[in-house]
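I opened my notebook to look at how two chains meet. Here is what I looked up, in the order I went.

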Amino acid sequence: MPELVTRVTVEEIPATAGDPITVLRFSGDITSASQPAVIGTYEGLPETAKRILLDFSQVEYLNSSGIALVIQMMIAASKKGQKINSFGLSPHFKKVFTMVGITKYTTLHADEASACAAFD
Amino acid sequence: MSNKATGISDKPTGSGRTSSNSIELRLPSRLGYEKVAMNTAASVARLMGFSEERVDDLKTAVAEACINAMEHGNKLDESLSVGVVLSMDANSLEVKVTDNGEGPQSKTHTPDIDKKMHGEEEARGMGMFLIQALVDEAEWVSSPPAGSYARMVIHLSNPHV
């Protein structure tokens, strides 16, 4: 049972006000094997990206090594002054993200609309 | 969380459960195969009547214990297997995850997100914390050279951690 490949698509959507929002849509597994997909994709974003939205709604399996990659991405974003919002996590992973303290650095939203609105 | 039993020791505690109510798996020390144990534990927990919330808690705990056993216990040596024993009784489900290592060398560490964000703590290293936080009982028993195990229990009477 090999790990499912992490797939990431990048999309830029307009915001109702201010900078556009860069959406990273993850699917598959997010594990220790996901570094190129998660960190590599983040590092490939243009310097102009100031608002980043993480879409976890199609993620099938997430473990602590995958959460660590999300934290690494948040560390890099913090250094660049970027803001990160997230949506699409299951109630269980919302609880896990809260347990490890990630919610101090990203807000977790129920859906894309509310996550986008929270950038304003 | 006050009713939880957690710890690290070198003495097996066990539960005295009978083998007729147990399921055993042997997994290769290859990342990804923890999902076999995770999904088996989830199936058993659902059959026993655990809520989906508790099933999700157990899935994460079992996956993290298996990953630790593969990575730290067996050093990802695919010639070594990780054992998983699920034991049921009327009110609880116990999962033991065994490996060939010496067991964890430190106590469970609560992650400090601020330290992680400032580079003062590694981003990784949350597995044992999650296991302890998500199940009702968790312990790590070190018994070299025979190997070591993580033991986790969830109780039907405990609706939420």
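How many residues of chain B are in contact with chain A, and how many of chain A with chain B? I am working from a predicted model, and I find 30 residues of chain B in contact with 27 residues of chain A.

Next I looked up the area. The two chains bury about 2,400 Å² between them, with 65% of it on carbon and sulfur atoms. I noted three residues here: B:Lys35, B:Ile113 and B:Met117 supply 27% of what chain B buries against chain A, more than any other three residues.

Then I turned to the polar side of the interface. I have 4 salt bridges across it, and 10 residue pairs in polar contact. One salt bridge I wrote down joins the side chains of B:Lys35 and A:Asp29, at 2.7 Å from N to O.

Which elements of chain B supply at least two residues each to the side that touches chain A? They are α1 (34-48), α2 (52-73), α3 (113-117) and α4 (127-134). The most comes from α2(B), with 8 residues. By type, I get 15 nonpolar, 5 polar and 10 charged residues on that side of chain B.

My last stop was the packing. The largest nonpolar core has 37 residues, and A:Phe26, A:Leu54, A:Phe56, A:Ile67 and A:Ile71 touch the most other members. Elements giving this core two or more residues include β2 (21-30) of chain A, and α3 and α4 of chain B. The largest share, 9 residues, belongs to α2(A). Apart from this core I logged another of 31 residues, including B:Leu25 and B:Ile131.

Definitions and conventions: Residues are numbered from 1 along each chain as its sequence is written. Chains are lettered from A and ligands numbered from 1 in the order in which they are written. This is a predicted model: local features need pLDDT of at least 70, side-chain atom pairs count only at pLDDT 80 or more; totals for chains, interfaces and linings use all residues. Side-chain values use heavy atoms; hydrogens and water are left out. Contact means heavy atoms within 4.5 Å. Buried area is the accessible area (1.4 Å probe) that two parts lose on being put together, summed over both. A polar contact is a pair of N or O atoms within 3.5 Å; within protein, one must be able to donate a hydrogen and the other to accept it, and residues adjacent in sequence count only if both atoms are side-chain atoms. Helices (H or I, at least four residues) and strands (E, at least two) are DSSP runs, numbered from the N terminus. Ala, Val, Leu, Ile, Met, Phe, Trp, Tyr, Cys and Pro count as nonpolar, Asp, Glu, Lys and Arg as charged, and the others, Gly among them, as polar. A nonpolar core is a set of buried Ala, Val, Leu, Ile, Met, Phe, Trp, Tyr and Cys residues joined through side-chain atoms within 4.5 Å. Buried means under 20% relative accessible area, exposed over 50%, partly exposed in between (1.4 Å probe, protein chains only).
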